[in-house]
Amino acid sequence: MSSKLKFRLALVLCCVMMMSIFAGCGGEKSDVDDQSIQASGEVIKLGFLGALTGSVANYGIPGKKGMEMAIEEINANGGILRHQVEGVYDDNKGDNSEISAIARKYITRDKVVAMVGDPCTGLTQVAGKIAQENEVVILSAGATSPGVVEIGDYVFRNTLLDKFAAPAVVDWMINDKGWTDFAVITCMDLGYSTGLTPVFEEAIEANGGNIVLEDSINQGETDFTAQVTKLKNAGADVLVFTGYYTEAALIMNEVQKQNFDMVLVGGDGLYGPDLAALGQSAVEEKVIFYCGFSSDQPSDETAAFLEAYRAKYNEEPDMFSAQYYDAVYILKKVMEDANSVDPKVFKNELAKLTDYPGVSGNTTIGPDREPIKSPVCLITIKDGQFAILEKIPVNVE
Amino acid sequence: MGILTLEGVSQEFGGLLALDDVSLDVENEKIFGIIGPNGAGKTTLFNIITGIYTPTSGKVKYQGHQINGVPPYDVARMGIGRTFQNIRLFNKLSVLDNVKVGCHGVTKAGILSALFGLPGERLEEKEITLRSCKLLEMVDLYEKRMEYADNLSYGEQRKLEIARALALKPALLLLDEPAAGMNASEKVSLMTFIKEIRNNENLTILLVEHDMNVVMNICEQIAVLDYGRKIADGPPEQVKNDEKVIQSYLGVEA
Amino acid sequence: MFIEQLVNGLTLGSTYALIALGYTMVYGIIQLINFAHGEIYMFGAFAGLLLVSVFGLNIFVALIGAMVFCMFLGMLIERIAYRPIRGKSSRLSALISAIGVSIFLSTLMALIRGTNTTRYPEIMKIHTYHLGSLDLSSLQIIILVVSALLMVGLQLLIQKTRIGKAMRACSQDLEAASLMGINANRVISYTFAIGSALAAAGGVMVGVYYNAVWPYMGTMAGLKAFAAAVLGGIGSIPGAMIGGLTLGVLEILGVAYLSSSYKDAIAFGILILVLILRPQGIMGKKITKKV
Amino acid sequence: MNIMDALLSQYIDAYYLHIMVLIGINIILALGLNITTGVTGQLSMGHAGFMSIGAYTAAILSIHMGLPFWGSLLGGATAAAGFGFLLGLPTLRLEGDYLAMITIGFAEIIRVFFLNFEPGGKALGLSGIPEHTTFSVVWMIAIVVIVLNVKLLHSRIGRSFYAIRENEIAAEAAGINTTRLKVLSFMVGAFLAGLGGGLYAHYMTYIAPQDFGFMKSIEFLNMVVLGGMGSIPGTILGTVVLTLAPEMLRIVAEYRLLFYGAMLVILMIFRPNGLLGDVRWYDIKKRWFSKEVKTWES
């Protein structure tokens, strides 16, 4: 090919690209104002917020599965108010600008009535703000830190809040177990973890415990030898780890390799089937965490969910799949209660939700629009399965 | 005392003596040639004069100022322009821009005046464009001013390098093998050109060259280097007949 | 505790060194920062996992299997993504191509295996030896010994064999070497093969040692290994070893005695300091500017 | 400007508006990197580090000091330029890949710093930044930046940037203080990165250290190299393509990054100098308006 031909080809290509951009921009902009879904058709859409690739995909993928399953069940049973439901699943990679684009796309292009997610607080804040501006409901299935529902009256979450659960667990550790010397390891690049650590530390101090070692790790690392060697020499009774299950399992593996005994206590971020798969004998009865959802001693709702999930995906559900699943059903319930699929209407019903018996625990939306989930289950691992250790009622006051 | 003097300059590279106690005195507005076999230290000498190397010992004085240890860009700004043995052009810049870059040392517009297009900067830009075009006309490259430098032929590239060096308004011009790779007729026109610019711009020219013909024809004084030492210095006739030179360098002819 | 931490550091460092070797070899010959190298390491780890868990092979056989697999992977990548660009444009284009390969490979593995961390099977009963106050596990000993063997093997290969000589010639001057009758393309191919095999070995050992592999493990490890290669003096093989070990030890000691939350900052801070004080790296040769 | 934004949001839906805002911000950032890496040839792989400095500084100035938007933006950009100066200093002694390593290390250190930075909310990030960046603000600044870029690169300083990239020794022989100009190019690049970061922070209203990781720096580098090193239209085109590509590839869902990676490789194989790297307006004029008839294979 002559250089001239090549050159012209390149130019033409550039032009086509530019055209496609502007064509895209100019295109379907007509019915932005038409927010009401009833007019446009039978299907109502729910947007999924979560990562399907990237380093936090571990939390998005099970969530997506839970959500898909709930939508399938609802559609099989006649939908919501005779509308079929459709989920829209875009991958936000756990990235700020991605979620911001996706939330806007869901609202303006897909015309969703509600969004479910994201598991991370920071990302939920980004999406929450956009949802609030555009008057679309967002129900986060995982954001546990402050600053979410404060955004506005369209923003909700259905998670077990750390500020209720962690103190209850600390109380249990100090008064029931008699542990007094704590080591605390934080996952530095995880907002969940840096938010949870101070909650635990305050509770430990308030209950008269000592913190003998404060340390940190990063997500995605595998080498925790140095931290564990320090832990070994620190003389703590128990290790409080505020991160997610992958790193917890790897820390316990290293503890086992370095030949000493240590119990790891953490938050509901440890609820993932991978904990047992990765840790195996190292986590067996050595890891305890709190959670609103338990596959052991299930309630009737949970039992049905577990069975269906195992049948559909051939794997164990985790907290995220349960919470996304619940979120869809909560949305169904409030839409039916409000007899409307308009977010402006059903958001008021959502704010009044009381004692909803979901698979991830009973949910009530309190007067401050924060969720109250009770009871808290303490869960450990027995024979490679999650086993319930104790149920602690939550003291909301 | 001339425009450039070297006093006992030595340069050592990891135990290897590239230049050994070399002294030179280059008179104003002369064409001064430096010859010597490969590895005699000619280019090293240039690099010392232009500040790329700091000599291990000795002094380099230019217009009475000591310049060894002065960084290369300041040496250039003091009025020493140079070309390189292996051509060093700004290949992906246009011919005109190559010469304009050469004006850098004698202009002073800063970043802010460039961003806001202050009158001083505009005037300066106009001036250097004009001057660069004149220089390009002088080396017959005006027609090709918008070409990329690396699209030029070898001979054109050599000429462009000279034009770029002249853009600096130098008082002393160092030419490193300007005739390398040229055919006979090109060499002839090069010689005329070198003489011309010396006369027109009142330059002193210091050149390193292999081609005896060129050197003997245009140089008014010649220094001969051998293994880093200066073995002869004087007008062409005298050097031609110097015994040491004949032995070590022109030995074949003798 | 200090000695224990030192051993931790050396173990981590030897895996860095193995990855850094590949970086440095490729760089030495074609001056390309092969960003896909971290992903080859990841593929090596997964190949080893497959061989151990599905085919039930002995870990040493699996190690060799993974190395062979990655040899071909490395050569394939070179053939597809780098060779067509070589010599046609600046090194940066090749760098972008390498980044493309890196994104491609990690996404591919994430699609195949999911993004979860996978447990590496235990290959043997771990013994712990008590030497005074020092606890040394058999696993640590194996990793140190295997990496030492591989590095010595590489040195012999480079110094003694025909292909090694060709590689050294190419790293001096690729053009001159091809004029001397060395098939530069083939030498570059072999370089990728050897470098990739070493990365695979690193991957399998990391898997065995930390019991965990995941598709994005290559990015940070690759970055650290690049840092190690530069620290040691990029292009220098002994430099990569020393750089890797130094970086591993510094990182672990940083966590142990300074602040673990600043772990990466400490490692990179020291790297920057070393480079400012000794711009050519620990083992690199100082190059005089040629004019 | 408010009127213009109001009008735009009437006619263009929020999703497209969002993408165009991102393109505008990315153009500012990529043009900054283009000066450092594309024009001056100093490989910087830590551009996101400068961006984060600008973003955090501007956000904190807005939230805690109550500075007006323009003041915060300028503050963020200046802070980034200051760090650019600091990072430019090592270039006195380092070049090529050692420099690349330093910039990577620098960006990582900055990221870790913000992970430990209490006023920045640590890993949770900084939220509640007032939303000031709108389409018209971004594009007004972007256009000013583009115009100033053109002016700069055609000036005495810009020419010497190119000269340093092409041949450092010859540049010195032409009287260019290469050290000073390299540091300057780092500062200009960092200034624009900081500016883009400030705009980003005031657009997203939430920033976290994870937003400015290594891969973000790589994204900007991709834009510059893909578009064509040192070419302003090239960089703009590269930015547009690489900002749109992930959005357009959304249809292939989780295979998206697979395509993205493959696209980088393929584009580099077929256009090794970038999309517009070796295209000049002068050549276009010559080719398209020349009267002489050329055969295809000439």
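With which residue does Arg158(B) form a salt bridge? The partner is Glu161(B), and the closest N and O atoms are 4.0 Å apart. A salt bridge here is a side-chain nitrogen of Lys or Arg within 4 Å of a carboxyl oxygen of Asp or Glu.

This is a predicted model, in which local features need pLDDT of at least 70 and side-chain atom pairs count only at pLDDT 80 or more, while totals for chains, interfaces and linings use all residues. Residues are numbered from 1 along each chain as its sequence is written, chains are lettered from A in the order in which they are written, and side-chain values use heavy atoms, without hydrogens and water.

Keep Arg158(B) and Glu161(B) selected: both belong to helix 6 (residues 154-167) of chain B, three residues apart, about one turn of the helix. Helices are DSSP runs (H or I, at least four residues), numbered from the N terminus. Both residues are buried (under 20% relative accessible area; exposed is over 50%, partly exposed in between, with a 1.4 Å probe and protein chains only).

Next, select Lys232(A) and Glu4(C), whose side chains meet in a salt bridge of 3.5 Å, N to O. Lys232(A) lies in helix 8 (residues 225-232) of chain A and Glu4(C) in helix 1 (residues 2-30) of chain C, so this pair joins two chains. Glu4(C) is buried at 10%, whereas Lys232(A) is partly exposed at 25%.

Then move to Lys122(D), which forms a salt bridge with Glu118(D) at 3.9 Å between the closest N and O atoms. Lys122(D) is partly exposed at 24% relative accessibility, and Glu118(D) is exposed at 59%.

Finally, select Glu221(A), Lys224(C), Glu251(C), Lys263(C) and Asp264(C), which a network of salt bridges links. Over all chains, the count is 39 salt bridges.
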